[in-house]
Amino acid sequence: MIINKTVFRPSAPEDHIAVRAIHRRAFSRDAEADLAIALIEGETETIDLVAKLDAMVVGHVVLSKLDGPDGALGLAPLAVDPEWRDFQIGTELVRRALEMARREGWKSAFVLGDPVYYGRFGFKRSLAEPVTCAFQGPYLQALELAPGGLDGYAGPVAYPDAFRAVQ
């Protein structure tokens, strides 16, 4: 099984060229690749993981600190090399990144994405409805990483400035 042979770990500076290439291949453009690198090399607090199979980076995910509810993260971008998409690598990257966030004491996470895909991890549209965000709409979802992590929060959620370049 491929997942058993895959190493999941935080990225290192020597991975960044491969990280950029994975995002470029996954999205067929530079915007998400530039975003991933800007987040992990910038000042924003992040959690990021690479998936390595043998010596090759085949996937990457970033969670970055948001302005809004205390302890909130934004999950994006997530990329898996197109040749490895059918092997649950993206699922495992998200699962492990969210678990790392829980262990580190983060309280919630937001994502803009497919409700069916992200719903498997517990993301819900209803948790994101009370917030205002540049990415407002049916694909904005939230997840409480800690019990009550979003209790009573209704207000703005702002992603890091690097997201402005992605359209």
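Let us begin with strand β2 (residues 46–53) and strand β3, which pair in the antiparallel sense over eight bridges; two strands count as paired if DSSP finds at least two bridges between them. Strands (E, at least two residues) and helices (H or I, at least four) are DSSP runs, numbered from the N terminus. The model is predicted, so local features need pLDDT of at least 70 and side-chain atom pairs count only at pLDDT 80 or more, while totals for chains, interfaces and linings use all residues. Residues are numbered from 1 along each chain as its sequence is written, and side-chain values use heavy atoms, leaving out hydrogens and water.

Lys52 is buried, with a relative accessible area of 17%; buried means under 20%, exposed over 50% and partly exposed in between, using a 1.4 Å probe and protein chains only. Beyond its neighbours within four places in sequence, Lys52 is in contact with Lys5, Thr6, Val7, Arg9, Asp15 and Val57, where contact means heavy atoms within 4.5 Å.

Now follow β3 itself (residues 56–65): eight of its ten residues are buried, so this strand is largely enclosed by the rest of the structure. On to strand β4 (residues 72–80), which runs antiparallel to β3 and is joined to it by six bridges. Leu63 has Leu75 in β4 as its bridge partner. The hairpin of β3 and β4 has six residues between the strands, and Gly68 in the turn has a positive phi of about 150 degrees.

Next come the helices. Two packed helices are described by the angle between their axes and the distance between the axes. Helix α2 (residues 16–27) and helix α3 (residues 31–41) pack at an angle of about 150 degrees, with axes 7 Å apart; axes are lines fitted to C-alpha atoms over the stretch in contact, and angles run from 0 to 180 degrees between N-to-C directions. Among the residues that meet are His16, Val19 and Phe27 in α2 and Ala33, Ile37 and Ile40 in α3.

Last is helix α4 (residues 89–103). At 1.5 Å a residue, its 15 residues should span 21 Å, which agrees with end C-alpha atoms 21 Å apart; the expected span is 1.5 Å times one less than the number of residues. Buried residues of α4 include Ile89, Leu93 and Ala101. Just after α4, Gly105 takes a positive phi of about 90 degrees.
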